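Try each task before reading its solution.

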Amino acid sequence: MTKKQRAAEIIALLEQEYPLAECSLDYDEAWKLLVSVRLAAQCTDARVNVVVQDLYSVYPTPQALAAATPEEIEEIVKPCGLGRSKARDIHKCMTVLVEKYDGRVPDDFDELLKLPGVGRKSANLIMGDVFGKPAIVTDTHCIRLTNRMGLVDGIKDPKKVEMALWKIIPGEQGSDFCHRLVYHGREVCTARKPKCEACCLNHICVKALD
């Protein structure tokens, strides 16, 4: 079985297991997803979803966040950890968004990467979830699971994992696939004690068959 064939079967099985493929970060505007994904670094999505409610009640627009000071933003977002650096990046990002893009999030991958605090993972998330374009989000769940499943071979670098997956996963399926990996990684294929016996992929996963 080739990696592309294995990927196709895994995609189909995960779609059956998790019919709804949605981002676990709450947002109703593109710029809010930019903020949330920055806050989510080394923090749970659940906590981010609570903290941003307080943040947006005080700063309801990109313009408001750009007009605030990093210290004012930090005071609200510090429960997410790394408050100083996250507040600084959010402030810089919103400032560029307002000054260069009139407060609108660009729908171009390379333009997204130019925004402060936005890396490939964040840019792909925006491209897939907001704009419905081909995207592969290589977060910790994606990296761990695709290595275990045998879709990539001992690759830990996020960009290298992304490049390897582009070769075997149809771009239009990438975003939903990565969301389902998050669900599966939290519920079944956990970091320390994966529940292989209860996994819908145990007949095809390289680790389960090993």
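Predicted model: local features only at pLDDT ≥ 70, side-chain atom pairs only at ≥ 80, totals over all residues.

Residues are numbered from 1 along each chain as its sequence is written, and side-chain values use heavy atoms, with hydrogens and water left out.

**Exercise 1. Find out where Thr 146 sits and what it contacts.**

Step 1: Thr 146 belongs to helix H9, residues 140-149; helices (H or I, at least four residues) are DSSP runs, numbered from the N terminus.

Step 2: check its accessibility. Thr 146 counts as buried because its relative accessibility is 0%. Buried means under 20% relative accessible area, exposed over 50%, and partly exposed in between, with a 1.4 Å probe and protein chains only.

Step 3: The Thr 146 side chain comes to 3.5 Å from the backbone oxygen of Ile 143. A polar contact is a pair of N or O atoms within 3.5 Å; within protein, one must be able to donate a hydrogen and the other to accept it, and residues adjacent in sequence count only if both atoms are side-chain atoms.

Step 4: list the contacts (heavy atoms within 4.5 Å). With neighbours within four places in sequence set aside, Thr 146 touches Leu 151, Val 152, Val 161, Leu 165, Phe 177 and Leu 181.

**Exercise 2. Characterise the largest pocket and its lining.**

Step 1: take the volume. The largest pocket has about 480 Å³. On a 1 Å grid over the protein atoms alone, a pocket is an open set of points with protein on both sides within 12 Å along at least five of seven lines, a cavity is a set where a 1.4 Å probe fits but cannot get out, and lining residues have an atom within 4 Å of a point. Grid points are joined across faces, edges and corners, and a volume is the space filled by probe spheres set on the points.

Step 2: find the centre. There are 24 lining residues, and the closest to the centre of the largest pocket are Asp 45, Lys 121, Asp 139, His 141 and Arg 186.

Step 3: assign the lining to elements. Helix H8 (120-130), H9 and helix H11 (171-187) each give two or more residues, and H11 has the largest share, with five.

Step 4: sort by class. The lining of the largest pocket holds 13 nonpolar, six polar and five charged residues. Ala, Val, Leu, Ile, Met, Phe, Trp, Tyr, Cys and Pro count as nonpolar, Asp, Glu, Lys and Arg as charged, and the others, Gly among them, as polar.

**Exercise 3. Describe the cavities of 30 Å³ or more.**

Step 1: count. The structure has two of them.

Step 2: take the largest cavity, of about 90 Å³. Of its 13 lining residues, Cys 189, Pro 194, Cys 196, Cys 199 and Cys 205 are the closest to the centre. At least two lining residues come from each of H9 and H12, and the classes are nine nonpolar, one polar and three charged.

Step 3: turn to the second largest cavity, with about 60 Å³ of space. Its lining includes Leu 34, Arg 38, Asp 89 and Ser 122. H2 and helix H6 (83-101) each contribute two or more residues to this lining.

**Exercise 4. Classify the aromatic pairs.**

Step 1: apply the rule. Rings of Phe, Tyr and Trp (its six-membered ring) pair if their centres lie within 6.5 Å; planes under 30 degrees apart count as stacked, over 60 as edge-to-face and the rest as tilted. The count comes to two pairs.

Step 2: Tyr 18 and Tyr 183 are 5.9 Å apart centre to centre with 50° between the planes, a tilted pair. Tyr 18 is in the loop between helix H1 (3-17) and helix H2 (30-39) and Tyr 183 in helix H11, 165 residues apart.

Step 3: Trp 31 and Tyr 56 have ring centres 5.2 Å apart and planes at 70°, so this pair is edge-to-face. Trp 31 lies in helix H2 and Tyr 56 in helix H3 (residues 45-58), so the pair ties together parts 25 residues apart in sequence.
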